Every structure is written in C-alpha cells, then in structure tokens.
Amino acid sequence: MMKKWRPVIRNFPHMVHGADYNPDQWLNHPEIIEEDMRLMKLAGMNSVSLGIFAWKALEPAEGVYTFEWLDRMMDQLHENGMKVVLATPSGARPAWMDLSHPEVLRVNRNLEKNLHGGRHNHCYTSPYYRRKTAEMNRMLAERYKDHPALGMWHISNEYGGECYCENCQNAFRNWLREKYHNNIEELNEQWWTYFWSHTYSDFDEIEVPSDRGEHMIHGMNLDWKRFVTHQTKTFMENEIRPLREITPDIPVTTNMMETFEGYNPWELAQSVDVISWDNYPAWHENTRKDWEVAADVGFNHDIFRSLKKKPWFMMESTPSLVNWHRVNKLKRPGMHLLSSVQAIAHGADSVQYFQWRKGRGASEKFHGAVIDHVGHEHTRVFHEVKQVGDLLKQLDEVVGTNVEAKAAIIFDWENRWALNDLQGLSDKRNYEQTCKQHYRSLWRQGIATDVISQDSDFSGYHLIVAPMLYLLKPHVADRLKEFVKNGGTLVTSYATGYVNENDLCFMGGFPGDGMMDVTGVWAEEIDSLFEGQENSSRIDLGKGEKTYRIYDFCERVHPRNECKTLAVYDKDFYQGEPALTRNQYGDGCCYHMAARFETEMLFDFYEKICKESGVNPVLEVNIPEGVSIQERVSEDTAYYFIMNFTDKIQSILLPENKEIKDLAGNEVHQLQLGTFDVKIVKETK
Ligand code: GLA
Ligand code: ZN
C-alpha cells in the first residue's frame, strides 16, 4: 500500500479538468470571453492552460510589452474559480523576431534555413533565443508570482525537432569533446571510424549527420540524438531557471508526446516537477479493435507514469476528433468518458483538452474542441465533456494515489534509436510494436505494469520484460543479473546484447557484456524471414500442447550449462534447435525467446510466468476480451477502474472474498458494463 502524493497543483486536492485556452485569438471579441466563463463552469471545468503560442500578444514589437490582456484574463479566470496552467510562449515566435534575429530560425537536415512561419521551428542553441525566452519567462513569473490563479507552469509546447545551423554544429562538437575527454582517438575507437577512411584527426573535422552527408556511422548518429536531447533539455532548463527562482512553489511541467522518437523523455523528465503528455489515440479504426488501441494507449500512459513513478498530468486530449489523422473519426458516444477515465486509471490526476473553443480560421479550425463554432452548450460533445466533469468531481479521494507495479517492460529510447538505425536484420524490427505486443499480454490480464528504461531502478519488480534489448549501456547487464540472482524473472529475446552504448558490437558472443550467464544461451546467428515465411513451435504453456506461429526473426541459440530448452523450431535447417529456453540463475530465472512469436503465444506465456513469479492481476476476476482493469492505491484503499473497450455488454463477477463498494459506498458483487462503459469501485483494506 502506498502513501498519497500531494496534489499536482498545490492546495488543489481535486481532479483537474481543463483545456488549452487561447483568448489571445479572441481579444477583439470580449463577449466571447465573457461567454467562455459561463460555459467553462457549466462544463465542470476548473483549469485552463493559458498563453501557449501567445508571444505576439505579449510582445508585439521588440521590447514593447502588452501583458494587460493576460492580467485581465488571470483575474477573470480566478473570479470564475479556474486554476491557470500558465504557458511560456516559446513554442512559436512573432515575425519581427525571425526577421530581426534570423539565428533563431532552424536549419533543416538539408542544411537550408527555414523561413518564418509554423511553430516549433527554432534553434535550441541560439544565444539570442535562449536569452529572450529567459527574459520573457522572468517577466511572466514576476508579474504573476502572487496571483492566486497560478497553479502550474507549462513550459513551451511539445518540444521537438532539431537544427543543423553553425551554432548547433559547434555545440555538437563541444558536446563530443566533453563526452570523449577531448580525445579524438577515443571517439574514433567508439565510432569505429577506421571504416571507409572516416578517421578524424580533430573534433573540428566533424560535420553533423545531415541529408547531405550521411556518414553511416551509427555511433555518430546515436551521439547526435543524445546531443539533440541535451540541447532540448538545456533549452528547457534555461526557460525554467527564472521560474524556479521567482516561484519556487509552483510546479513546472512540459507537455510531451506519446512515443515521440526525437528526444529521450527520460532526460527531460529529470528537469521538471510534473510529467505531462498529450494523448490523441485513433479510436474506431478499420484495422484494429478499440481494445487493441486501448492497450497501446495504456502502454503510453504507463511510460509517462513510470518517468517519475507518481501521478501525472494529461495535458491534452480531444473531446471529439483531431484534424491530423488520415481519417478523423468522431469518438463514439461514451468513448470520451471512457478514454478520459483510462488516463486517470493509469495514474493521471487531470483530464485536459486541446482545446476549449474552436478557432475561426487557420489549420486547427476543424480540430475538436469543447465549444464548437455554433457557440452554445447544446452539442453532443459539450454534453459528454460535462459528464467527465461530473465524474471527476466525485474522484477527489483518488487524487495523489498511485499505481503499484510488480511487472515492468523495458522500452528504452537509446536502444530504439540504435535498433532503428542499424543496417541489417530486416525492416521488420518494429521495436515499439514488439514492446507493445508484450505489454498487451500483461494488460489484458489486468496486471499493473511500469514501462521503464534500461537506466531505471530494477528493484521492487518481480518480472522484467526486456524485448530486443540490442544496446546495453554500461552496468545494465550486471544490474539485470543482480535482479535475477535476487529472485526476479527476466524475459529476453532475439537481438539482445549485440552492441554497447556506442553501437560497437560486443566481442566474444551475443548476448554480450556477461548476459550469456543470465540468459543461459549463446546466440550464434539470427535469421530474418520474408513476409509469408513462417516457422512454428509446439509448446505446453499450461494450456496443453499448442503449435504457435513464428515469423520475422529466428535466432539460433545454444543453451549453456543448466539452461533448459522449453520449445524447439519445427522446421528449416535449424529444426529441433531451441526457440524458447529457461535458465535458472541464483534465486530467479531468465526466459529467452529466440524467435518472434505470435500474440497468442505471448498471452499464454505471460499468464503462466506471471503466476510463477508472483505477479498477480490487480483483481482476481475473469476478464473478458476487450475489458481492462487498472488499480490505483493509497495507504488504505484500492480503486479499481473497470473499462469496457468493446461494444458488447460485459459482466464481471467480483471476488466473493472482497468487500467492494461503488463510489457512493454501496456494496457491489457484480458489474454490468454497456458499450464503452466504465465502472469505478473501491476496496478499503
Ligand atoms: C498538439 C499541440 C496542440 C494542438 C494539438 C492538436 O498536441 O500541442 O497545440 O496542435 O496537437 O491535436
Ligand atoms: Zn541551430
């Protein structure tokens, strides 16, 4: 049982229900802003994110400041009971800035300078922009530090992208100098530049990996991505510094994007107080079932919770549709409440939208919003938003409770960069999908799962799943061994431990860096399969002997010492060789999946090994396909979120030995869930 965390917004022990609010688009329409206040209260909102992209409205010309509208907005919102998540405006810039200080404009991968326009197109190195953003943020903090509406800082908006300008190139070289101790020989060795005569004599010779000079040096590409993360992070820290100094009690967040590959979120997470992210799943697709989408969304939520292992903030979601999917589908009735509760179930203490009111023009005029162009509250979407507001009001007691996971999946950004960049195997590497496929097997059993990086603390877990952990950073192998030795269960797969943190292959056999001891196998070689080519394996995973399909990858492994072969390939020249092994190591064990198995196998496999390793579902009930059960816990209460992501009526019989109540305190024994329905029940311990 866990202690409760303080509410994300200080002294505000409620679920936050809010939206991006852009009154700077409506300054010529005071009547609209007046009406917004009425409608926000009616929708059960208690918060807005304000000032995102408002630089022009705050500084219309260099050195000319017009904060008055924001003063009025802060007061007006406060008078209407709203908290403000106040944004720094660095996500987009006014034309005057780009024209007078072109160094802020990004240079693209083709080494061409962008023109003014769009957003998120600035250079993170530009000394001018760093100075300017810090000054702007200082002014905001000075002005609103004592304002009662100020609840949290929203730093910029969805940082992302990279710049190849001269300033960035120089910064990259300096970053490399520091990493490689000013020793070019060390860099040459780690990048294996001896290949194709790429050996450098000096750091100054290094050019960035751009579209005009593809070096094929994987170590360089990796370092470039690390550098981009570093540059983004220090840009953000530069934004945060004046805010922390002037308003030390106001938490700071930046809204991140699902599994965005461009920077490593684990790095940015260290510099903020609260994790937030923007959640835009594509529901109701033609190729995937909604519950499959829901499992993937659960994976995303669990990443962001795991970043700090505490309640987090859903900064954006849409109340209806987006405008940037290939096909922009309306959320079916009920889905809005269900998907909002799903975030809460995975540890969010907020439901926020992009955006409050649809703009009249420009690119997002048809993006879903709480208030449509019609302007009033008599819409389906408004009604569903209000339902969310009504429900969130009943969830004060859940605020600050957390998720307790005994299982974890390693989905590691640096590993992902290396896997995606490697030349070899096949184009079916699909690291992200593979991690999600494993995750889904835990999700459908109702097992609380953290999604962690290879640098995360492994203690406290009973089960760690590490699919395709191709790149091993220093000490990770030792830490995994320690975990297993102390009784943990580890699952590894083909393509484990091939390279070090700079993409240099381990010598002496894969999985390298000592991982052969714990996995109990030497992986001699790996075969990639074409579409339509398959292998299979007969295994008894507690459901009787079944034949499971194998596709994409077959590694040829040799069990060592006591390692046991649990299943073998049915055909090809490696017929009879191990496809699945189990190695006892200290008090724990490691399963190695030498091949990529079909989902059905993973379902059966994880059911079996979760039981074995003492990883229990949050609620011991029979879970029908498409239903998700998640749990949040405090010191004395467990809250169960039972969510039906299908259009079928589902019924769940609750365990007889537990006293489970609904939010009103009435005992419940059985739950009936309609289409896209959700029930929240609790158990006091
Ligand atoms: C992102 C941005 C928002 C908006 C939405 C639209 O999350 O942060 O400004 O563009 O997408 O879905
Ligand atoms: Zn730059």
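Q: Which residue meets Arg 305 in a salt bridge?
A: The model is predicted; local features need pLDDT of at least 70, side-chain atom pairs count only at pLDDT 80 or more, and totals for interfaces use all residues. Residues are numbered from 1 along each chain as its sequence is written, and side-chain values use heavy atoms, without hydrogens and water. A salt bridge is a side-chain nitrogen of Lys or Arg within 4 Å of a carboxyl oxygen of Asp or Glu. At 2.8 Å, N to O, the partner of Arg 305 is Asp 450.

Q: How many salt bridges does the rule find across the interface of domain 1 and domain 2?
A: By an automatic or database domain assignment, domain 1 covers 16–89 + 150–159 + 221–398 and domain 2 covers 407–613. Across their interface, the number of salt bridges found is six.

Q: What area is buried between domain 1 and domain 2?
A: Buried area is the accessible area (1.4 Å probe) that two parts lose on being put together, summed over both. Carbon and sulfur atoms give 57% of the area here. In domain 1, Leu 222, Glu 261 and Phe 299 lose the most, together 26% of what that side buries. The total is about 2,500 Å².

Q: Which helix gives the largest share of the side of domain 1 that touches domain 2?
A: Helices are DSSP runs (H or I, at least four residues), numbered from the N terminus. α8 (218–246), α9 (265–269) and α10 (290–308) each supply at least two residues of that side. The largest share, 12 residues, comes from α10.

Methods. Chains lettered and ligands numbered in written order.
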